[in-house]
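These are some notes for a colleague who is opening this entry for the first time. Please keep the sequence and the structure in view while going through the numbered points.

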Amino acid sequence: MDLILNAGLVVKLVLLILVYFSVVSWAIIFHKLRVIHRAASDSERFLEFFWSKKRFDVIGQGLKDYAHSPLAVLFREGYQEMVKGQRPREGEESAFHAEGASAENVSRALRRAMTQETHRLEKYLTFLATTGSTAPFIGLFGTVWGIMDSFHGIGKTGSASLAVVAPGISEALVATAIGLVAAIPAVVAYNHFLNKVNVLTGEMDNFSQEFLNIVQRMVRRG
């Protein structure tokens, strides 16, 4: 703590910036852990629910139980697009039929929903990437500035003994250490979350294809 309190003004400013990056990064990490975990868990449960049911209207009524699943969002958007063009058959008002549905319109709705969900899942990852790539350099800047300040002090005192040089350099190196402390978790978390988002994006892509195949079969059957 004395190293930080005794550091120069510029080094203290650098440390404040790095602490800000670190605190925000950890807040994002905990937030993304919850968001990604819920998305993956709800998607897995939704897929089981989706394939266990035979009717889209029944699936649509159970979506509230999978509020965090991007696959459920895709289904909702695709289903709503189908409902716009549906023509209920006489005597079967509760069942869904796709005579009026356009596979092209459903495909556009699915692509739009997939883009929105991908953006939602990737939200704040840019900050983690920025922290991982810039925090070490910001810390290095603080270290270089602190060393320059130390040498300036040596020039003034005229003494280059270890007792005079070491405290200033150690204060300066604190900036590099804190820069690495901020950057390393951010890089690890960014790579982890990016991999999870890629997996969920792949699942959304597969689900969209399966959904469209079902819609096209329903349209052909009439």
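Which residues in helix 4 are buried?

1. In this predicted model, the buried residues of helix 4 are Pro70, Leu71, Ala72, Val73, Leu74, Phe75, Gly78, Tyr79, Glu81 and Met82.

2. Helix 4 itself covers residues 70-84, which makes 15 residues, and from its first C-alpha to its last it reaches 22 Å, a span close to the 21 Å expected at 1.5 Å a residue. At its N-terminal end the helix is capped by serine 69, which places a side-chain oxygen 3.2 Å from the backbone nitrogen of leucine 71.

3. Glycine 168 belongs to helix 7, which takes in residues 162-221. Glycine 168 counts as buried because its relative accessible area is 14%, and buried means under 20%. Once its neighbours within four places in sequence are left aside, glycine 168 is in contact with Gly146 and Ser150. Glycine 8 is 160 residues away from glycine 168 in sequence, yet their C-alpha atoms are 9.3 Å apart in space.

4. Valine 144 lies in helix 6, which is formed by residues 125-157. With a relative accessibility of 41%, valine 144 is classed as partly exposed, because that class lies between the 20% limit for buried and the 50% limit for exposed. Together with Phe137, Leu140, Phe141, Trp145 and Met148, Val144 makes a nonpolar surface patch of about 620 Å².

How values were computed: Residues are numbered from 1 along each chain as its sequence is written. This is a predicted model: local features need pLDDT of at least 70, side-chain atom pairs count only at pLDDT 80 or more; totals for chains, interfaces and linings use all residues. Side-chain values use heavy atoms; hydrogens and water are left out. Helices (H or I, at least four residues) and strands (E, at least two) are DSSP runs, numbered from the N terminus. Buried means under 20% relative accessible area, exposed over 50%, partly exposed in between (1.4 Å probe, protein chains only). Contact means heavy atoms within 4.5 Å. Patches are made of residues with over 30% relative accessible area and no salt bridge: like charges are joined within 9 Å, nonpolar side chains (Val, Leu, Ile, Met, Phe, Trp, Tyr) within 5 Å. Accessible areas come from the Shrake-Rupley method with a 1.4 Å probe; for residues, only the protein chains shown count as cover. A salt bridge is a side-chain nitrogen of Lys or Arg within 4 Å of a carboxyl oxygen of Asp or Glu. The expected span of a helix is 1.5 Å times one less than its number of residues. A polar contact is a pair of N or O atoms within 3.5 Å; within protein, one must be able to donate a hydrogen and the other to accept it, and residues adjacent in sequence count only if both atoms are side-chain atoms.
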